[in-house]
Amino acid sequence: MGSSITNAITIVDILMNIPRVGWIQRGVPRTTAESVGEHTLLVSYLTLLICNEVRRVDRSIDASKCISMSIIHDAHEALIGNVGNNARSLINEWKDLETRLFSELGLPEELNNYFREYRYALSIEGKIVNFTDKLATYMRACTYAKNGYDTRELINSYRELMERLLNEFPDGVKQVIQGVNGISVFMV
């Protein structure tokens, strides 16, 4: 690929036009289904809100790193598209494949490191972005369910996954995340 700036524009343009496969599999029309780019924007906003709250109890958390991770967390999908969870479960070492693909985007090495931290949850920042990624999908599944699409299975599995991820945080951080205004509505 070309320069980092050119790569970024190309990546964003592609991600804005890739629908998330899971929604289409559940009957959401392609024209209505959330794109990978829209998902990334929601994850980034959620990360910003949660990270700002969590920093009140743990000032060592790097908010800039969290936001960077959230913005790039699905950038590799510009190369392979959005792969549904069913297909991902059939591929051993899926995270390794995603990490290799991300490195082919031609972005700065610092972003490659951030992606690895996120993908393998190697830091508290990576864990926060992993959580907000799941929260964004869960929230969208709830919205689609309200609009009549059958997303119950996703709602249940993502609720369980988020509860598991919350338990990986120190107690103070976990309590802050659970207390962020609006999250409790989704965490029932």
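Helices (H or I, at least four residues) and strands (E, at least two) are taken here as DSSP runs, numbered from the N terminus. The structure is a predicted model, in which local features need pLDDT of at least 70 and side-chain atom pairs count only at pLDDT 80 or more, whereas totals for chains, interfaces and linings use all residues. Residues are numbered from 1 along each chain as its sequence is written, and side-chain values use heavy atoms, with hydrogens and water left out.

Gly84 is placed in the loop between helix H5 (77-80) and helix H6 (85-88). With a relative accessible area of 12%, Gly84 is buried (under 20% relative accessible area; exposed is over 50% and partly exposed in between, with a 1.4 Å probe and protein chains only). Between the C-alpha atoms of Gly84 and Arg140 the separation is 15 Å, the two residues being 56 residues apart along the chain.

Helix packing was described by axes, which are lines fitted to C-alpha atoms, for helices over the stretch in contact, with angles running from 0 to 180 degrees between N-to-C directions. Angles under 35 degrees count as roughly parallel, over 145 as roughly antiparallel, 65 to 115 as roughly perpendicular and the rest as oblique. A crossing is left-handed if the near helix is turned anticlockwise from the far one by less than a right angle, and right-handed if clockwise. Contact means heavy atoms within 4.5 Å. For residue classes, Ala, Val, Leu, Ile, Met, Phe, Trp, Tyr, Cys and Pro count as nonpolar, Asp, Glu, Lys and Arg as charged, and the others, Gly among them, as polar.

The axes of H3 and H4 lie 8 Å apart at an angle of about 165 degrees. H3 is therefore roughly antiparallel to H4, and their crossing is right-handed. On the H3 side, Thr40, Val43, Ser44, Thr47, Leu48 and Cys51 meet Ala63, Cys66, Ile67, Ser70 and Ile71 of H4. This contact of H3 with H4 comprises seven nonpolar, four polar and no charged residues. Ser44, in helix H3, is buried at 11% relative accessibility. Neighbours within four places in sequence aside, Ser44 touches Ile67, Ser70 and Ile71.

Helix H4 (residues 63-72) also approaches helix H9 (residues 124-146), their axes coming within 9 Å and crossing at roughly 45 degrees. H4 is thus oblique to H9. Lys65, Cys66, Met69 and Ser70 of H4 make this contact with Glu125, Gly126, Ile128 and Val129 of H9. Four nonpolar, two polar and two charged residues form the contact of H4 with H9.

Helix H8 (residues 109-119) comes within 7 Å of H9, axis to axis, at a crossing angle of roughly 65 degrees. The two helices, H8 and H9, are therefore roughly perpendicular to each other. Glu117, Tyr118 and Arg119 of H8 are in contact with Glu125, Gly126, Val129, Asn130 and Asp133 of H9. The contact of H8 with H9 divides into two nonpolar, two polar and four charged residues.

A nonpolar core is a set of buried Ala, Val, Leu, Ile, Met, Phe, Trp, Tyr and Cys residues joined through side-chain atoms within 4.5 Å. The largest such core has 31 residues, of which Ile50, Val54, Phe131, Leu135 and Ile177 touch the most other members. Two or more residues each come from helix H3 (36-54), H9, helix H10 (152-166) and helix H11 (171-179), and H9 gives the most, nine residues. Not counting residues up to four places away in sequence, Ile177 touches Ile50, Val54, Phe131, Leu166, Phe169 and Ile183. Another core, of 16 residues, lies apart from it and includes Ile11, Val36, Met69 and Leu111.
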